[in-house]
Amino acid sequence: MTEARLVEELLAFIAAGKADEEAFNRMALAVFAHQFETNAPYRRFATQRARTLRTVKSWRDVPAVPISAFKDLTLSGRPPEECPHVFMTSGTTKGVRGKSHHPTLAVYDRSMTVNFRRRFMGEHDRLRMGILFPTEQAMPNSSLAHYLALAKSEFGTDESRYFVSDAGLDVDGAIEALSRVEATGEPYALLGASFSVVHLMDALAERGRSFALPPGSRILDTGGFKGQSREMAAEEFYGRLSATFGVPRRLCINMYGMTELSTQFYDDGNEACPSVKSGPHWIRSRVINPLTGQEVPRGSVGVLVHHDLAHFNCASAILTEDAGVEVEGGFQLLGRADGADAKGCSMAVEDFLKAARAQ
Amino acid sequence: MTVGVMERAGHLPGLSADAVDWRTLTFRRGAETLDVAVPVLSEAQVAELATRVRANARIYLKSRTVAEIAATIDRAVARLLDRGDPWRQKAERLLPLVTGYDAEMVRLGLTGYLKTFRGPELRKFIAEDFANPAVLDDFQPMPKGGFARAFGPELLLHVWAGNVPGLPLWSLISGLLVKAGTVGKLPSAEPLFAGWFAQILAEIDPKLADCIAIVWWKGGDVAAERAWLTRADTVVAYGGNDALEAIRARVPITTRFLPYGHKISFAMVARSALDAGKAGAAARQAAYDVARYDQQGCYSPQTFFVERGGRVSPREFAGYLAHELDALGSKFPRRPLSMGEAGSVASWRNAEETKGFADPSRALLGDPAGSWAVAYTDAADGLSPCGLNRTVTVVAVDRLAEAVPGLAPYRAFLQTVGIAASPEELFALAGALGAVGVTRLCALGRMTAPEAGWHHDGRFNLLDLVTMTEIEGSAERAADAFAPYTD
């Protein structure tokens, strides 16, 4: 199948509004075949695991690429130089950034907009937005910058604006915008990186400011703290978020996305933490034991594998480093599955790299 | 299924169990569960215990000779070495459950470790640090003139960490040998052994055991930690650098602070050890160092530098090592990993595998269940941490000495080097390794079993704990003038 045809089918698949196991399987096998045929490093990877066009019978058989591989391998069906859009992970432990190449953003954008409308916008077609993240121009390789730009252009009113620039966080601008809608009663949407939201809350707290945003207002945060602000437990974060902006916790929505995906997961608010995340019908997740690759019994903690049909040019099945558990209606994220809970006095990778960087 | 009744951890001389709040830590291994009750002390109880331990040490411990104290420790250790003793049986039964380590590995490990604390070995501990051990008991003449005596702290606080069974014994015994009133904070990952040892001491010499308190607080509980830190004369702490930094920030400036941070260790195999007859044995010993306590110890090897030019190539050695790890896996299965640990192993393996796609000279040997893995590289890779839990990298080098300069950035973190090389190579490498910060060289197969009197991280187990009180020659001579017999 040509790439153009695959893109067409994927757009139709998204438009179909739902997919049963069989339909998902069919599409997943077509995407796998495309990746296996066009993407040499992925073919090597799959073959080494004895997963070929002949042996892969279901989407569950499609070998999941560890996200660390995006740093070492060029996983792109189309030659990278033919891909006008490259999303890169933010700074990483080794200074190498994982890359996802996109020959077209047609599928990415459709995936984002269809899902965003359903999971974030509620009854609104457009909302006045404040964005706590740099623009797409400032960060051309950031998938989140693109995501937020898309949110603003497709779902924001003309008055929507960014509050992060080269000069940093525009606290005064944010206060002005928040005060205005507080006065006019226009529902407002605040979107951005979780750490920027913390910075804004800290700045507001310093000035003794809090808001009661009009009914219908909502907040979207994403990405965790990544050492960019102090760590905050989810319970505390959403408690403060709600108290600072006067937005009920059920409308404080967390988006879980990755550079290595073209589809995002959302929760239905954060009245209880950890919230339940779920995605649309073109992405499915499994919870596995990372050592054996076997699915863990339902309800047990494992590492998340996502199978995102929209990520057609790279690798649609990826093995994350996120611990999670499958629950009714989706999964709960339980932080990173790394050596943070190491038991001994033997130095673990994270500490070592930190030490090496400090030199 | 629950094993026995709830196990009560710690040792709180003078405090009745009913007066103390207890928290339950639950340990699971397969279908077995063990509840361990750990004490949660109020500030008033901390103060009371600190005062009591300090006073008891002043009255009793300081009046004993170091030889008498060593004899009591020896008797306690003898009981733990006796497989018929109820304490030993309890240790063999419960420690595998708590730590997850294979029962046979725990049993062998305990015996090997405890042997280093028998009477004669304790004398080595003392002799390593004190040319004249009597200096711990009384003023002794000094070569420079005058007299000196070594005093241990009245209250020594140990903040232990980790799950390697029995590890707290090292500093606990060091403290007792310098007659320190002792408070030890149990590691949550293995909260039993130190308390048992204090209770055994109580059966042998109750007064000595009254100079020891074994307590617990939740890691990061700032108030509890501060209550103890401000009452100690000296603090010995184990843990990662972040944890140590947090503790140090709360230790008063007048209190001596002795941190033992996480370390990285590695091994070197010279071509002289790589002939057909010797390479197999070297690989077997190397695998043992890797498997023992699943690389949780600071002395556990994470990288093997293997020299080219021997009859057995580095690549072949990696194969031998893989074979031996596989064999050890059935004899001493790895303990069940938490999801985080499994994630670390998996991401290391995945990264190694991915590098192999780009560089065909790399290889990853491992079993499908992921219970061990050996990565091999021809590239001039330096020291790098692996995923722990029986994962190692074998790095081929032309000359072992070439690997040394690359270690320099990690000076603060280097500890043990297991080495298989000829005497000349050993001493030549030792000089270079010592210069970049390595503090211990040992035979392959001995990396996880330091000998008695080992200078942990290059420091002095006992000497670091004491202060010297000196009677200068002038005082002695001046005193003469005031003697009744003076002319």
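Me: Which residue follows H3(A), and is its phi positive or negative?

Reply: Helices (H or I, at least four residues) and strands (E, at least two) are DSSP runs, numbered from the N terminus. H3(A) is followed by Ala50(A), and the phi of Ala50(A) is positive, near 60°. Please note that this is a predicted model, in which local features need pLDDT of at least 70 and side-chain atom pairs count only at pLDDT 80 or more, while totals for chains, interfaces and linings use all residues. Residues are numbered from 1 along each chain as its sequence is written, and chains are lettered from A and ligands numbered from 1 in the order in which they are written.

Me: Which residues of H3(A) are buried?

Reply: A residue is buried if 20 or more other C-beta atoms lie within 10 Å of its own, exposed if 12 or fewer, and partly exposed in between, with C-beta atoms placed from the backbone. In H3(A), the buried residues are Tyr42(A), Phe45(A) and Ala46(A).

Me: Why do the buried residues of H3(A) line one face of the helix?

Reply: An α-helix has 3.6 residues a turn, so residues three or four places apart point the same way. Viewed down the axis of H3(A), the buried residues fall within an arc of 95° (the arc of the directions from the helix axis to the C-beta atoms), and therefore they line one face.

Me: What covers the buried residues of H3(A)?

Reply: The cover includes helix H2 (21–38) and strand E1 (65–66) of chain A, together with helix H13 (339–358) of chain B.

Me: How many residues of chain A are in contact with chain B?

Reply: Two residues are in contact if their C-beta atoms, placed from the backbone, lie within 7 Å. Here 35 residues of chain A are in contact with 39 residues of chain B. On the side of chain A that touches chain B, at least two residues each come from H3 (40–48), H4 (69–72), E14 (301–308), E15 (317–327) and H10 (349–358) of chain A. H10(A) supplies the largest share, five residues. This side of chain A, where it touches chain B, divides into 20 nonpolar, eight polar and seven charged residues. In this scheme Ala, Val, Leu, Ile, Met, Phe, Trp, Tyr, Cys and Pro count as nonpolar, Asp, Glu, Lys and Arg as charged, and the others, Gly among them, as polar.

Me: What does the domain assignment of chain A give?

Reply: Domain bounds come from an automatic or database domain assignment. For chain A it gives domain 1 (3–104 + 283–317) and domain 2 (107–280). Their C-alpha centres lie 28 Å apart. Between them, 20 residues of domain 1 of chain A are in contact with 16 residues of domain 2 of chain A.

Me: Which domains does the assignment of chain B give?

Reply: Chain B has domain 1 (7–262) and domain 2 (264–454). The centres of these two domains of chain B, taken over C-alpha atoms, are separated by 32 Å. In chain B, 18 residues of domain 1 are in contact with 13 residues of domain 2.

Me: At what angle do H2(B) and H7(B) pack?

Reply: Axes are lines fitted to C-alpha atoms, for helices over the stretch in contact, and angles run from 0 to 180 degrees between N-to-C directions. H2 (residues 66–81) and H7 (residues 193–204) of chain B pack at an angle of about 115°, with their axes 9 Å apart. H2(B) contributes Thr72(B), Arg75(B), Ala76(B), Arg79(B) and Leu80(B) to the contact, and H7(B) contributes Phe197(B), Ile200(B), Leu201(B) and Ile204(B).
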